[in-house]
Structure formats: C-alpha cells, structure tokens
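Subject: Structure for you to look at

Hello,

Here is the structure I promised to pass on. Please open it next to this email and follow along.

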Amino acid sequence: MNKVLFFAHLRDVVGEEFIMVDASGKTVAELKAELAAKYDLPRLETVMTAMNEEFAPNDEVIRDGDEIALIPPVSGG
Amino acid sequence: MTFYEISKEPINIQAVIDKVVRREAGAITTFIGTVRELTGGKKTLFLEYQAYEAMAVKKLAQIGAEIEQRWSGAKAAITHRIGRLDITDVAVVIAVSTPHRADAYEANRYAIERIKEIVPIWKKEHWENGEEWVGNQLETAAYPSGKPEAGDFDE
C-alpha cells in the first residue's frame with residue numbers, strides 16, 4: 001500500500017490529510033491522473049510530486065510502501 | 001544541534017543566530033520574514049502556514065548544504081514557523097555566518113529565494129471577506145516535468 005499526502009488547497013478539496021492506495025507499478029503521472037479524476041483536483045498541471053520526501057519526475061514508477069505527496073506550488077518564507 | 005527546523009511555536013531569533021556563531025566567522029547576516037498586513041492593497045487578518053514537515057526539514061538542510069558548497073566557509077541555520085501567524089509575527093529566520101560580509105549577505109538572500117522555490121511550505125491568506133492558499137505568486141509557474149526546473153529561481 002501507499003500513503004498519499006495532500007497539502008494546501010488539495011487537502012481542502014480531498015478533505016483528508018492522506019489516503020491509502022495501492023499504487024505499486026504505476027507511474028507518478030498515472031497516479032496523479034487517477035486522483036485528479038476521482039477527487040476532481042484543480043490545477044494539477046502545477047502540482048509537483050514527492051516520493052519518499054524527495055521530488056520525483058512524472059515517469060518514476062511507484063513501489064509498494066513508497067510515500068507519495070502531492071506538492072502544490074510552495075509559498076513559504 | 002539542529003540547524004534546520006519547522007516550529008509550531010514562536011521562533012527564538014537569537015537562538016537561530018547563536019547556531020552559526022563561529023570563531024572563523026567575520027560576519028553573520030540574519031533575515032527575519034514577518035507577516036505583512038497589506039498585499040496588493042488587500043488587508044490580511046492573519047496567515048496560516050502548513051508544511052510537509054519531514055520533507056521541509058530535508059529541503060532546508062539541502063539549502064544549507066548548497067550554501068556551504070557555493071560560499072567557502074559559510075554556515076547556515078534556518079527555522080520556519082507553521083500554524084496561525086498574526087500580522088508582524090515572525091514566519092522565518094535565516095542566519096548565515098561567513099568569514100567575510102559580502103558572502104554572508106549573498107548566501108542569506110540565496111536561502112530565502114530557495115525556500116520560496118523548493119521547500120514544501122504553504123501559506124493561506126485570511127481576509128475579512130475570504131481565504132485562499134497562496135501558490136507561487138499567482139499560480140504563474142507550472143512544472144511540466146513534475147518538479148522544479150533549473151531556471152525556476154526568479155522572484
């Protein structure tokens with residue numbers, strides 16, 4: 001299973017801090033597309049992805065146990 | 001000592017500075033980011049900061065490592081606060097020490113710009129008539145490859 005974390009406006013839309021899904025074997029892009037369709041996520045083309053706390057490209061393949069986070073454009077500072 | 005922190009409590013500015021005090025340093029610059037009341041003529045009531053804490057600490061440490069590599073003899077300490085912050089509250093403190101002053105100014109500026117680029121922290125503006133998550137100054141940036149590009153560094 002994979003923990004998928006949401007932040008900022010995505011957390012508000014999904015209504016959860018995280019969900020558990022089985023995404024092993026899928027690419028980051030495939031998972032993002034599924035989540036976008038399921039939760040009607042806005043502006044996903046601007047959203048980066050982290051895998052195990054490091055930015056991951058869209059073609060990266062997810063393994064069982066990987067922690068995924070959707071990272072909207074950051075606004076710290 | 002922890003040089004890179006996400007804090008739910010008010011930041012002790014002096015404690016951040018003290019982390020970079022070293023005998024070989026001739027300069028320490030401190031950046032203090034505070035909550036501004038007016039943005040584009042709109043009055044902010046308060047801000048709410050959220051972080052992907054584990055990754056944010058790693059990315060702050062990455063910025064510190066980049067600084068040590070780019071400016072010889074530099075040492076950085078960064079603490080970013082999260083949660084609800086009122087106007088004038090301190091959101092982030094960056095202290096950088098270097099042997100000579102020019103590098104301390106440059107490296108400190110580099111740190112805040114990198115924070116705005118790669119550290120997973122978000123702020124929500126609360127106004128009298130609404131609220132909104134702020135994303136990279138008006139959602140202008142897209143990340144076609146899924147992560148920041150090498151050139152994504154202007155503010």
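Keep in mind that this is a predicted model. I will start with the place where the two chains meet.

**Between the chains**

Three salt bridges run between chain B and chain A. In one of them, K124(B) pairs with D12(A), with the closest N and O atoms 3.3 Å apart. This pair is part of a network of salt bridges that links D12(A), K124(B) and E131(B). Side chains of opposite charge can pair when their charged atoms come close.

Polar contacts join the chains too. There are 15 residue pairs in polar contact between chain B and chain A, counting pairs with both residues at pLDDT 80 or more.

**A buried lysine**

Now find K59(B). It sits in helix α2 of chain B. Is K59(B) buried or exposed? K59(B) counts as buried because its relative accessibility is 3%, and the cut-off for buried is under 20%. The side chain of K59(B) makes a polar contact of 2.7 Å with the side chain of E54(A). Leaving aside neighbours within four places in sequence, K59(B) also touches F55(A), I118(B), V119(B) and P120(B).

**The nonpolar cores**

The largest nonpolar core has 41 residues. Which of them touch the most other members? They are I71(A), Y52(B), I67(B), I78(B) and I115(B). Helix α3(B) gives the most to this core, with six residues. Next, look around I71(A). Beyond four places in sequence, its contacts include T46(A), V47(A) and F55(A) in chain A, and Y52(B), M55(B), P120(B) and W122(B) in chain B. A second, separate core has 18 residues, among them F6(A), L44(A), A56(A) and I62(A). In soluble globular proteins, nonpolar side chains tend to be buried together.

**Salt bridges within a chain**

Over all chains, the whole structure has 15 salt bridges. Two of them lie in helix α3 of chain B.

R109(B) pairs with E113(B), the closest N and O atoms being 2.6 Å apart. These two are four residues apart in the helix, so about one helical turn separates them. R109(B) is exposed, at 53% relative accessible area, whereas E113(B) is buried, at 13%.

E117(B) pairs with R114(B), the closest N and O atoms being 2.3 Å apart. Here the spacing is three residues, which again means about one helical turn. E117(B) is buried, at 7% relative accessibility. R114(B) is buried as well, at 14%.

In chain A, K26(A) forms a salt bridge with E34(A), with the closest N and O atoms 3.1 Å apart. K26(A) is partly exposed, at 23%. E34(A) is also partly exposed, at 40%.

Best wishes

Methods. Residues are numbered from 1 along each chain as its sequence is written. Chains are lettered from A and ligands numbered from 1 in the order in which they are written. This is a predicted model: local features need pLDDT of at least 70, side-chain atom pairs count only at pLDDT 80 or more; totals for chains, interfaces and linings use all residues. Side-chain values use heavy atoms; hydrogens and water are left out. A salt bridge is a side-chain nitrogen of Lys or Arg within 4 Å of a carboxyl oxygen of Asp or Glu. A polar contact is a pair of N or O atoms within 3.5 Å; within protein, one must be able to donate a hydrogen and the other to accept it, and residues adjacent in sequence count only if both atoms are side-chain atoms. A nonpolar core is a set of buried Ala, Val, Leu, Ile, Met, Phe, Trp, Tyr and Cys residues joined through side-chain atoms within 4.5 Å. Buried means under 20% relative accessible area, exposed over 50%, partly exposed in between (1.4 Å probe, protein chains only). Contact means heavy atoms within 4.5 Å.
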